[in-house]
Amino acid sequence: MKIPITKPVFGAEEREAVVKPLESGWVVQGPFVAEFEQKFSAFSGAVHSVATSSCTTAMHIAVAALGLKPGDEVIVPAFTWVSTPNVVEYMGATPVFCDIDLATFNIDVQQAASLVTPRTVGIFPVHLFGLCADMDPIVDLARRHGLWVIEDAACGFNAWYKGRHCGSFGDAGCFSFHPRKAITTGEGGMLTTASPELAALSRSLRDHGASRSDHARHTASAAFLLAEYDRVGFNFRLTDIQAAVGCAQMDRAKWIGAERSRVARHYDEVLKQFEWLAPPVVPAEYEHGYQAYVCLFQPEAPTLANVGRLHDWRNRLMTRLEERGVSTRQGTHAPVLQGFYREKYKIAAEAFPHATIGDRLSLTLPLYPGMTGEELDYVVSELAMAFDATR
Ligand SMILES: *Cc1c(COP(=O)(O)O)cnc(C)c1O
């Protein structure tokens with residue numbers, strides 16, 4: 001049996017959708033992007049949704065729109081995809097890394113509070129793997145110090161905190177539609193905000209800094225006159241081809257969410273027999289979106305002293321699973337252990353013990369809508385055998 005780590009849900013609806021812009025001839029950002037944004041707002045409750053070419057470009061727009069500049073500091077978790085600190089670097093500002101809570105893999109809010117300096121301008125909580133960061137104390141901390149909050153909600157589709165969808169707590173939220181995420185447009189992203197000014201500025205910044213979109217110009221009179229360009233922008237637009245796929249994905253978003261939860265519930269139940277594997281926790285008042293089902297490999301309580309040995313063991317386990325056709329992955333990486341950040345900021349692995357343990361010992365299990373009982377049984381029995389074979 002071959003079990004992939006994930007599988008996008010593409011059917012007749014996506015195939016039919018993708019042909020429509022080709023038939024109309026309008027393939028750049030246009031009516032399908034607008035429809036995708038509306039559907040995303042309807043699902044998440046976002047006031048404004050602005051589609052972009054990726055989550056990374058949405059985050060880049062957000063930091064640019066909020067005026068991030070050289071000398072500024074932004075608090076970023078030490079366990080996240082590298083693009084979270086990268087957008088801070090791109091603006092010439094400094095990411096100040098914060099360790100995570102190992103139970104949730106999300107930012108340690110107490111430590112974040114201790115990292116605020118007179119140079120701090122913002123905080124970048126990440127809703128890792130589909131579990132919201134603890135937003136109440138984060139927003140509270142930001143208010144007390146006059147900081148902005150940008151939510152890296154790349155994994156946050158269908159992630160809820162106290163009844164609210166993520167992306168609505170900070171100044172902006174940024175989502176990803178990469179194929180590893182819950183819904184996909186190939187590549188794609190979405191910036192959400194409650195601020196009409198930030199939404200308008202983001203729409204302009206994604207489109208070279210234009211005063212109005214190409215589609216608005218083409219469908220009005222005097223289409224021969226170009227827009228005004230009063231600021232330096234980017235080309236971070238989503239295409240209508242991608243957005244058409246996004247619309248079809250949104251139409252099945254509820255089902256996709258229900259399926260992800262079903263598979264997760266099954267794992268929660270059967271993994272209780274493995275004391276060596278800690279499954280994802282879901283604190284009260286949180287709803288996990290299960291972008292990924294990420295466990296911690298912990299046959300012993302992990303520490304910086306044994307993490308190297310346990311890491312080797314986890315990798316032998318993952319190798320054995322791969323040989324048996326079961327795909328697994330590390331959850332994500334710790335940017336502080338990647339060459340650029342390690343060198344530039346002289347960061348030692350000991351500085352962020354939880355991020356280091358997350359990087360070395362996380363273990364993502366296969367999860368996708370439509371995963372069958374037979375496939376789940378296969379994963380679980382192979383897990384048991386792989387542990388016995390490698391201990
Ligand atoms: C996937 C991911 C990103 C990047 O999303 P793209 O759409 O590929 O740019 C950023 N942050 C986190 C936490 C992610 O998981």
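This note goes through the predicted model point by point, from the whole chain to one helix.

1. Basis. The model is predicted: local features need pLDDT of at least 70, side-chain atom pairs count only at pLDDT 80 or more, and totals for chains, interfaces and linings use all residues. Residues are numbered from 1 along each chain as its sequence is written, and side-chain values use heavy atoms, with hydrogens and water left out.

2. Overall make-up. The protein chain has 14 helices and 13 strands. These are DSSP runs numbered from the N terminus: helices are H or I with at least four residues, strands are E with at least two. The radius of gyration is 21 Å, close to the 21 Å of the globule rule for 391 residues, so the chain is as compact as a globular protein of that length. That radius is taken over C-alpha atoms, and the rule is 2.2 Å times the number of residues to the power 0.38. Along the principal axes, the C-alpha atoms fill a box of roughly 75 × 55 × 35 Å.

3. Burial and surface. Of the 391 residues, 56% are buried. Buried means under 20% relative accessible area, exposed over 50%, and partly exposed in between, with a 1.4 Å probe and protein chains only. The accessible surface is about 16200 Å² (Shrake-Rupley method, 1.4 Å probe; for residues, only the protein chains shown count as cover). Carbon and sulfur atoms hold 54% of that surface.

4. Take the contacts with a separation of 6 or more: 71% of them join residues 24 or more positions apart. A contact means heavy atoms within 4.5 Å.

5. The seven-stranded sheet. This open sheet runs E1-E9-E8-E5-E4-E2-E3, with mixed pairing. Two strands pair if DSSP finds at least two bridges between them. Strands E1 (48-52) and E3 (94-98) stand at the edges with a single partner each, so one side of each has no neighbour in the sheet. On average, neighbouring strands are turned by 25° against each other, direction ignored. Strand E2 (residues 73-77) runs parallel to E4, joined by three bridges. There, isoleucine 75 stands opposite isoleucine 123 in E4.

6. Helix H4 (residues 83-90) touches E2, E3 and E5, and makes about 150° with the direction of E3. Helix H7 (residues 196-205) touches E1, E8 (172-176) and E9 (189-193), at about 20° to E1. Axes are lines fitted to C-alpha atoms, for helices over the stretch in contact; angles run from 0 to 180 degrees between N-to-C directions.

7. The three-stranded sheet. Its order is E10-E12-E13, open and antiparallel. E10 (277-278) and E13 (362-365) are the edge strands with a single partner each, so one side of each lacks a neighbour in the sheet. Four bridges pair E12 (residues 293-297) with E13 in the antiparallel sense. Cysteine 295 stands opposite leucine 363 in E13. Helix H11 (residues 307-323) lies across E12 and E13, at about 130° to E12. Helix H13 (residues 353-361) also lies across E12 and E13, at about 45° to E13.

8. Helix H6. In H6 (residues 135-145), the buried residues are Met135, Ile138, Val139, Leu141 and Ala142. They fall within an arc of 155° down the axis, so they line one face of the helix. The arc is that of the directions from the helix axis to the C-beta atoms. These residues pack against helix H5 (109-114) and strands E4 (120-123), E5 (148-152) and E6 (160-161). Exposed Arg143 and Arg144 sit on the face turned away from the buried side. Glycine 146 follows H6, with a positive phi near 65°.
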